[in-house]
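User: I am new to this structure and would like to go through it with you. Could we look at how its parts meet and then turn to the ligand?

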Amino acid sequence: MLMEKIMVVGPASQILGVKIAKELGINHILSTQTKIFADGENYLRLDLEDETVVQGSETIIVQSTGPSASGNQNARLFELLMMISAVKRMGASKIIVVIPYLAYARQDKIFRPGECEFANIVLKTIDLMEINELYVVDVHAPDVLKELITNKVVNIDSMKVLADYIKGLGAKDIVVVSPDKGAVERSKAFAKHFGDGIPVEYFEKKRDVKTGEIEMQGKLTLEGKDVVISDDIIATGGTMAKAIEISKKSGANRVFAVATHALLLEQAKFRILSAGADEIIGTDSIDNEVSKVSLAKAIADYLK
Ligand code: R5P
């Protein structure tokens, strides 16, 4: 008998999870029930009564691990581990895990003595649960995905869908600006989605590893240009706001602040808009008011 595929929609990816299921034509969608015990421990159960539905079925779990009002990264990661463990115990034949935003990805190397490379530990913990496939999206430093035992590990690129959205806004004379020299290659790849010969510029960014303070330098010629500033993550918005400020001073016309994962923490929205951005654009890896671009099709295309 051909078993039906099952989609487990994690509490942090309710919209994206259901959209992916629809793209894949999966009818059997399971949600979860969560709570926090009085001692602070997380609890999760799949919302089902008959466990045999999972037995022998290929099961896809979608759970972003970004912070939100209803759960921080740690809770999201624990919920993810609980979902994997539950479907494994119920006898899923194949476990496919989709983590649209991978928490701790920026702790991929040692910046100061005494630190640990925690991105690696997070991934290894998931890896040790013996899942079959792992999909992440625009992970901060893709090297962290190397050396996992999971058979298939894919870092999905959100650039095309983000570029399509921006083109739809009628952006003209586009220059893609990277807020950090280290992200130039990523920005070059992004620029290709707008057409041939789209210029890519960058600022020099330095972050004080002790205080987190950012310094950014660069004088670009952006007179009359529509500037697309692209980053993998917007956290507090400090990086983006600085890049917007300099772009505006350099003559930029419209400025689009674009990130795959727009966490928008603290005063990020205010900082970015008051610096002169016309629009903040993110994907639904993070479910918030700037999740204007859905990753559902891009992810589903990989899962087909
Ligand atoms: C850092 O290398 C990342 O790519 C982002 O630039 C950074 O995480 C953004 O952080 P924030 O919004 O707090 O400046």
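User: How many salt bridges does the rule find across the interface of domain 1 and domain 2?

Analyst: In this predicted model, the rule finds one salt bridge across that interface.

User: Which side chains meet in a salt bridge at 3.4 Å, N to O?

Analyst: Those of Arg186 and Asp138, with 3.4 Å from N to O.

User: And what about polar contacts between the two domains, how many residue pairs are there?

Analyst: Eight residue pairs are in polar contact between domain 1 and domain 2. On the side of domain 1 that touches domain 2, seven residues are nonpolar, two are polar and five are charged.

User: How many residues are in contact, and what area is buried between domain 1 and domain 2?

Analyst: In domain 1, 14 residues are in contact with 14 residues of domain 2. The area buried between the domains is about 1400 Å², and carbon and sulfur atoms give 58% of it.

User: Which three residues supply 35% of the area that domain 1 buries against domain 2?

Analyst: They are Tyr101, Arg112 and Asp138, which supply more than any other three residues. Asp138 also takes part in the salt bridge with Arg186.

User: Changing topic: which residues are closest to the ligand?

Analyst: The ligand is surrounded by 14 residues, of which the closest are Arg106, Asp231, Asp232, Thr236 and Thr239.

User: What lies 2.5 Å from an oxygen atom of the ligand?

Analyst: That is an N or O atom in the side chain of Asp232. For Lys205, a side-chain N or O atom is 3.2 Å from a ligand oxygen atom. With Gly237, a polar backbone atom is 2.8 Å from an oxygen atom of the ligand.

User: Then how much of the ligand does the protein bury?

Analyst: Taken alone, the ligand exposes 380 Å², and the protein buries 90% of that.

Conventions
Residues are numbered from 1 along each chain as its sequence is written. This is a predicted model: local features need pLDDT of at least 70, side-chain atom pairs count only at pLDDT 80 or more; totals for chains, interfaces and linings use all residues. Side-chain values use heavy atoms; hydrogens and water are left out. Contact means heavy atoms within 4.5 Å. Buried area is the accessible area (1.4 Å probe) that two parts lose on being put together, summed over both. A salt bridge is a side-chain nitrogen of Lys or Arg within 4 Å of a carboxyl oxygen of Asp or Glu. A polar contact is a pair of N or O atoms within 3.5 Å; within protein, one must be able to donate a hydrogen and the other to accept it, and residues adjacent in sequence count only if both atoms are side-chain atoms. Ala, Val, Leu, Ile, Met, Phe, Trp, Tyr, Cys and Pro count as nonpolar, Asp, Glu, Lys and Arg as charged, and the others, Gly among them, as polar. A residue is near a molecule or strand if one of its heavy atoms lies within 4 Å of it. Accessible areas come from the Shrake-Rupley method with a 1.4 Å probe; for residues, only the protein chains shown count as cover.
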